[in-house]
Amino acid sequence: MSFYKGFRNLWGPQHQSLDQNALTIWLDRTSGSGFKSVRPFRSGYFGASIKVQPGYTAGVITAFYLSNNEAHPGFHDEVDIEFLGTTFGKPYTLQTNVYIRGSGDGRIIGREMKFHLWFDPTKDFHHYAILWSPKEIIFLVDDVPIRRYPRKSGATFPLRPMWLYGSIWDASSWATEDGKYKADYKYQPFVAKYTNFKASGCSAYAPRWCHPVSASPYRSGGLSRQQHSAMRWVQRYHMVYNYCQDPKRDHSLTPECWG
């Protein structure tokens, strides 16, 4: 879809420009920028081709995510794809995350899985997507599934409608090596480009019989054997962090990690 057909600027309008359906947003000392879908969704496929800035980008987050934080402040759901900025000579980290009913309530339970990609995301546009159905969430990079988050229970799965967002902002307190390296504005502006926007599925206003988008040709909608094999390859060779395998985490709070 074209940008203005599906999205509106949310903040930092002076740090956003559109040229032939390629959206550029940037962060400098004065502001970052963000955009938001016009409609909320209850399931669907959400993607964009994104290119991030090379060089020193520590502290800077480039994000593409689903959220209902404006509808449920302090008690929201969120599904994230985030590029964590980096220092010279080190690769970007792609972080995926799922929040359920919690943010400002003091008990944030992140479900982070992080990856070093098999290509340089600063050289070209690559397509990043979230497929959200009532049964599972699948994160995809160039149509390769990198993570599957199944619905084990209603308590650990986002079921309320969410909007689609993109943004660039300063997260120096945690983004790069747990906050060790901060944003350095002598390298400003920090630029992110988005194009090839996709947002299809069941909007919050769709009739009950609206069918969730399928991840594969299978009638069940689940991943094919080839897709499972590709995901195993990514997780074996390119995953650098999995919250389920972190001994410092309290796994009584993340029952989806059990068994």
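**View 1. The outward face of helix α2 in a predicted model.** Turned away from the buried side of α2, this face carries Arg225, Gln226, Arg236 and Tyr237, which are exposed (over 50% relative accessible area, 1.4 Å probe, protein chains only; buried is under 20%). Helices here are DSSP runs of H or I, at least four residues, and strands are E runs of at least two, numbered from the N terminus. This is a predicted model, where local features need pLDDT of at least 70 and side-chain atom pairs count only at pLDDT 80 or more, while totals for chains, interfaces and linings use all residues. Residues are numbered from 1 along each chain as its sequence is written, and side-chain values use heavy atoms, leaving out hydrogens and water.

**View 2. The buried side of α2.** Here sit Gln227, Met231 and Val234. Among the elements covering them are β9 (113–115), β12 (144–150) and β15.

**View 3. The open sheet.** Eight strands line up as β1-β4-β13-β6-β7-β8-β9-β15, with antiparallel pairing (at least two DSSP bridges between two strands). At the edges, β1 (7–11) and β15 (239–242) each pair on one side only.

**View 4. Strands β6 and β13.** Eight bridges join β6 (residues 60–67) to β13 (residues 163–170), and the two run antiparallel. Look for Ser67, whose bridge partner in β13 is Trp163.

**View 5. Around Ile137.** Leaving aside residues up to four places away in sequence, Ile137 touches (heavy atoms within 4.5 Å) several residues, including Val79, Trp132, Tyr149 and Phe157.
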